[in-house]
Amino acid sequence: MIFLAVTLGFFAENIRENISDRGTEHADLNSLVKNLTEDSVNIESALQSYQANEMEIDSLMELIKTGEYKNNQQALYRMAYETRGSRVFPYSNTTFQQMESTGSLRLIRDDEIRNYIINYNNTINTDIRSLESRLLETEKKQADLQNNLLNDTLYPSAEDIIYKHALKTNFFKPGDRVPVFNQSQEAQFLKLYNLLFERNIINSYYKLELGKLKEKNGELVAAIRKRYDL
């Protein structure tokens with residue numbers, strides 16, 4: 001009788017643990033799908049942002065290539081300002097981090113889905129973050145070059161830029177002295193052009209990787225919903 005009682009208790013405890021584990025698994029994956037849905041929106045927003053940024057960089061490169069930057073400094077200053085400000089993709093990884101820290105990642109019964117989740121996380125933390133670091137590095141180099149070439153006092157105030165869209169208008173005042181660039185500075189503009197070219201190459205790779213990530217995101221969400229009926 002004692003043996004039977006112990007055995008039944010053992011099975012009862014296993015059943016309770018299994019029910020608890022399945023509940024945790026379902027709750028984690030439901031939360032993960034919400035995070036992945038946020039990622040999908042953020043990926044699309046980042047793709048649009050970098051596409052617009054690439055077009056602005058192309059315009060600045062054309063201005064430098066043709067030498068028109070000397071005659072149209074309004075456009076030069078505007079584009080020099082607007083081509084800065086890259087942002088990193090905001091990864092919604094709260095659930096994944098929690099699953100890693102609590103060990104609940106092991107409760108996912110489907111090996112393929114668990115591995116897909118891990119691969120998705122690794123792609124962001126390696127490929128995506130690496131390209132973002134390179135983008136931010138080239139942007140910093142661009143900012144340093146532009147600081148040596150341009151006179152920031154000619155820009156409108158931050159308040160006018162944000163609230164009055166001053167960059168969309170002719171923000172140079174009649175009394176402003178428009179800089180005349182010497183030969184040394186013209187060589188620096190060529191260096192800036194080459195840097196912008198490099199930045200757009202990295203930009204293109206980044207958009208390509210974001211596109212792949214968007215596909216992985218959609219496939220992972222579809223697989224989880226199908227497997228777990230979410």
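**Before the views.** Here, buried means under 20% relative accessible area, exposed means over 50%, and partly exposed is anything in between (1.4 Å probe, protein chains only). This is a predicted model, in which local features need pLDDT of at least 70 and side-chain atom pairs count only at pLDDT 80 or more, while totals for chains, interfaces and linings use all residues. Residues are numbered from 1 along each chain as its sequence is written, and side-chain values use heavy atoms, with hydrogens and water left out.

View 1. Helices (H or I, at least four residues) and strands (E, at least two) are DSSP runs, numbered from the N terminus. Along the principal axes, the C-alpha trace spans about 100 × 35 × 25 Å. Buried residues make up 39% of the 230.

**View 2. The largest nonpolar core has 29 residues.** A nonpolar core is a set of buried Ala, Val, Leu, Ile, Met, Phe, Trp, Tyr and Cys residues joined through side-chain atoms within 4.5 Å. Look for Ile108, Ile117, Tyr120, Tyr206, Leu210, Leu213 and Ile224, which touch the most other members. At least two residues of this core come from each of helix H1 (2–66), helix H3 (94–102), helix H4 (111–149) and helix H6 (183–228). Apart from this core lies another, of 25 residues, among them Leu63, Leu76, Tyr77 and Ile161. In soluble globular proteins, nonpolar side chains tend to be buried together.

**View 3. Leu213 and its partners come into focus here.** Contact means heavy atoms within 4.5 Å. Leaving aside neighbours within four places in sequence, Leu213 is in contact with Ile43, Phe89, Tyr120, Thr123, Ile124 and Ile128. Across the protein, among contacts between residues at least 6 apart in sequence, 86% join residues at least 24 apart.

**View 4. Ala143 is a residue of helix H4.** Is Ala143 buried or exposed? Its relative accessible area is 12%, so Ala143 is buried. The C-alpha atoms of Ala143 and Leu213 are separated by 29 Å, and the two residues are 70 apart along the chain.

**View 5. Ile118 also has its place in helix H4.** With a relative accessible area of 29%, Ile118 is partly exposed. Leaving aside neighbours within four places in sequence, Ile118 is in contact with Phe96 and Leu105. Between the C-alpha atoms of Ile118 and Glu100, 18 residues apart along the chain, the separation is 9.9 Å.

**View 6. Ser104 sits in the loop between H3 and H4.** Although it lies in a loop, Ser104 counts as buried because its relative accessibility is 7%. Which residues does Ser104 contact, leaving aside its neighbours within four places in sequence? They are Thr24, Asp28 and Met99.

**View 7. His165 belongs to the loop between helix H5 (158–163) and H6.** At 52% relative accessibility, His165 counts as exposed. Have a look at the backbone too: phi of His165 is near 50 degrees, a positive value in a residue other than glycine.
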